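Let's walk through this one as a set of quick questions and answers. Have the sequence and the 3D view open as you read.

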Amino acid sequence: MSRGPGNSGIRARSGLDFRILGPFEVCFDGATVTIPGRKARALLASLIVAGGNSVSRDRLIDSIWGESPPNSAVNTLHTYVTHLRRAFADAGAGTDSSVISTHANGYRLEVAEETVDSWRLERALTESRLLADRYEFATAVESLDASLSEWRGPPLEEFTDADFAQAEATRLTDLRFHAEELRIASLIGCGRESRAIQLLDRLVEEFPYRERLWEHLMLALYRCGRQRDALHAYQRLAECLADIGLEPGESAADLESRILEQDPALARSTVAAHAGHTHRTIPRPTNSFVGRARHLEELQAIADENRLITITGIGGIGKSRLAIEFGQRLASQLDLGDRYVDLGAATRSELIWPLITDSFGIAESPRPVDRIGAAVGDSGLVLVVDNAEEVAPDLGSALMALLGRCRGLRVVVSSREPLGITAERVCPLGPLETKDGDASSEAATLFLTRAHAFESPDPSTVETITEICRSVNGIPAAIEVVAAASRAISISEIAENLDTLVHDDDGRQSLPAVLAWSYNALTEEQQHLFRVASLFTGGFTFDALRSVAGPASDPRSQLGDLGALIDRSLISPPVGTPSRYQMLDVFRQRGLELLDAAGEEADARSRFVSYFGDMTAELEESFGSDRWLQMLGRVDQDATNCSRALEIALGYEDPTAAYRIAGPLGRYWRWRGRSIEGAVRLTAVLRRGGAGPAERAKVEREASATLRTLGDFQPAAEHAERALALYEAEQDERGQADALYDLALAGILSGDFDKARALLDRSAAMWKRLDERALSAFPMIPLAWLHTIHGEYEAAEALWTSILTNVDAARYPEHSGITFRVAELALAQGQLDRARRVAVDSLELARAARYPYHEAGARVVLARIHLENGDLETAGEEADLALSAAQDSGNVEGAAQALVILVRRAISAGDVIGALRDLQRSVLAAGHLAGALTQAILAELAATVQIARGDYADAAALHGAAHAIRTNHGLPLGVLDSDECERELREIERSLGKSEFERRYRSGLNWTEGAVLGHVGAWFE
């Protein structure tokens, strides 16, 4: 296939090409390299994820076998490496060790950056950020469009059971979000605010607490002349944050003020201030900085001569607070930008660079030093690295490399131990000073400031406070806890019981003992409530706490006990409606220890599982009622607690409770666009086994539906078949009807229409016998869709009318799915006005239900209507929105249809390069939807592109292939109507001559369906 110089949007790749952004593939010079065996593939994937770094044998063994490696693991690992090297050598991709090299204790992938799709994506994102920094926004948008086309589906989905793959898949998904956000910023920067607003309207609903998105929306609205709407957006942000007890940050508040003042700078064609990144700046604490004046002076003197300062000291001594305060002051004094990274979660050295690059708003990369260096250059910047003790040795070498690359960088580290490198200047931190009778000493000042109870303390009170501070060794964290406790316990009472309250059994002062002060002042009932509260991981309501705590004679007394916990700062004040409470992690960990020590853990965990099991059961029962959205909102609030309840229940000898929770959560995860998470968790439950047939069948059904949304039709069908067998054994006709429906849907999407019809007929007959009016319409939905696909419009119309008569939109949450299918039928019959009305209704229903899966379908219909009317720009915008919604929700069918529209739009606009780019994305999506209809559509699309490129011979063969597929399956024309198809065929025949045209067309008739995907996919390899 000839590719002219103008076709730069197509990635014509020679040599090795590793692909993990979707199905795992390895190619060499356009041909697939066969990797023998799943474990060998896991080994290779693990080396790719390592980003060009050496991976130890132990880590590779863990990646392949998990916690149960065989005794022969080391030898078997070497065998897998040998097989991989042989596969590369046989493909002509290198000698035995040129691709995978051996190191002292492991192996490394020896390939260039451009050979791995995830590495290419990271580089493209970094380059796009640099383009945006230079105000080259239009070029940045083009670059981001190209980089996002690397996505072919969920990354590393073949290895979802492996820890290394789960972490990498999450990281790459976040990377994609950063790319989408930067695209919005760049769209605003180059004056395409209308398209940005359309994208943002959805994103701020999905991510209501991401202030940067709201800032983008405010700016875009203002620049479109919609000042009132921009200010309203700020109020919506404030309301969202108020629900979780926060206020808009300084940046959003500043933008609101500038909009109110109609700042002329906001109207510039390039707006650097709000085309920014997702970097993390040094946090601004809500309370005042007290004490440490002497240390601030010392740090300033050190900073005059040193670029790396490490503040060391024991836990609770105030290292983090001082590092943050000094970092802010240093950045302000030198007029520098700042960044912040918290390494508290970095229990492994492999997490150092991902966390650092994230703080800079830069995608993770195999070469992070170069990425950060390219973004920062030699301009000055202050980086605060917090809680570094767990990875101190490895962090030292990382920071040395970073300081060498970025000449203007200054680093302030907090750690319990030094990093141990020559460039480091250590500043050890000791206790706060205490002076007898001096209320202005560091320790006493901190106590008085945090207690908020003493305006002018008398000398005796100051003496007592000084003694308390001295008893806790001047540790700031301990002083702050004591100060909070003093609001409920008198100063004299604290002083009288210092020995018993402040020291452990060995007589040593400890921070946990200090934290126990408030706890020891509680009544027995209050202590029990505190212990039980520690079970909740995502906050809790009073109702949840009462239920898990167990029955009480008087609910009002429990509410009073909760108030006592709040007064003693052990639980945060309530926020939101209904009121939700939070507990700090340090208190929660101590509460769990106390819960176990009190012998209450088993009963409390059982009630915890029961409470959230009831919540998920109520969610399931509400489906099809007007309570469905309300219950969705409740589960949104307690999603982490529901997942925790599932994990607890999985550990029970009888896993019935786990199955009870997993079934409803499967639908919840799917509805919220978290199908990958759902697939992983549901699979874990099914592997646990042990449940009865009814419980297991339900989870099998949910696994089938979840995998179906992800495009994994064969596994989806297998789960549905197992569910059907279980329901048949139980003689459960309703369950059988459901399972037959699931099995039919998997058949439709994979192209087995005849089998799907038979299954749906069986399902409908069962529902009719059960006399379930609304649910008997359920199997009619895909039947009506099948009629539409096959051009049987009268039969489809009759079915849709019957369905809408039997299904109440207000009581059926997935009604938006019915309406967009009706809109598709209207469009197929040329009824554009009706199609538009129904599609708009469907879109409103989907957005009201916060269901992006159906939003994608409605937007696809609207995009097709705009395309038919010649409004190419709006068609492209709607298709982009449809694609985004489809990708967010795992709707692979919607993604493929959106890409079809983008190809047609580009062809209609004369943009052959753009059409090729979007066709490439269509090929990648078709890898998930390799059914007959998808193959036929792909062949027709490719033919249209080839005509535009002047390759009429290939276009003829592709039309022949599409015709054969449609004839074999009884499918109507899809992408092109009959008139347009005839026009294209006549054009091809004129160009080739009748004889050559017929020869080429007949050759296409003999293609297999799989050959279409392979033929078109080869253009882009």
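Q: How many residues lie between β1 and β2 in their hairpin?
A: This is a predicted model, where local features need pLDDT of at least 70, side-chain atom pairs count only at pLDDT 80 or more, and totals for chains, interfaces and linings use all residues. Residues are numbered from 1 along each chain as its sequence is written, and side-chain values use heavy atoms, with hydrogens and water left out. In the turn, glycine 22 has a positive phi of about 135°. The number of residues between β1 and β2 is five.

Q: Which residue in β2 stands opposite arginine 19?
A: Strands here are DSSP runs of E, at least two residues, and helices are runs of H or I, at least four, all numbered from the N terminus. β1 (residues 16-19) and β2 (residues 25-28) run antiparallel, joined by four bridges; strands pair if DSSP finds at least two bridges between them. Opposite arginine 19 you'll find glutamate 25.

Q: Are Leu16, Asp17, Phe18 and Arg19 buried or exposed?
A: Buried means under 20% relative accessible area, exposed over 50%, and partly exposed in between (1.4 Å probe, protein chains only). Leu16 and Phe18 sit on one side of β1, with Asp17 and Arg19 on the other. Both faces are covered, and these four are all buried.

Q: Which strands stand at the edges of the open three-stranded sheet?
A: The sheet has the order β4-β6-β5, with antiparallel pairing. Each edge strand has a single partner, so one side of it is left without a neighbour in the sheet. The edge strands are β4 (55-56) and β5 (100-103).

Q: What stands opposite isoleucine 100 in β6?
A: β5 and β6 (residues 106-109) pair in the antiparallel sense over four bridges. Isoleucine 100 stands opposite leucine 109.

Q: How do the axes of α8 and α9 run relative to each other?
A: The axes of α8 (residues 211-223) and α9 (residues 227-242) come within 7 Å and cross at roughly 165°. Axes are lines fitted to C-alpha atoms, for helices over the stretch in contact, with angles from 0 to 180 degrees between N-to-C directions. Angles over 145 degrees count as roughly antiparallel. That makes α8 and α9 roughly antiparallel.

Q: How many nonpolar residues are in the contact of α8 with α9?
A: Contact means heavy atoms within 4.5 Å. Among the residues that meet are Trp214 and Leu217 in α8 and Ala233 and Leu237 in α9. Ala, Val, Leu, Ile, Met, Phe, Trp, Tyr, Cys and Pro count as nonpolar, Asp, Glu, Lys and Arg as charged, and the others, Gly among them, as polar. Alongside one polar and three charged residues, the nonpolar count is 11.

Key: Angles under 35 degrees count as roughly parallel, over 145 as roughly antiparallel, 65 to 115 as roughly perpendicular and the rest as oblique.
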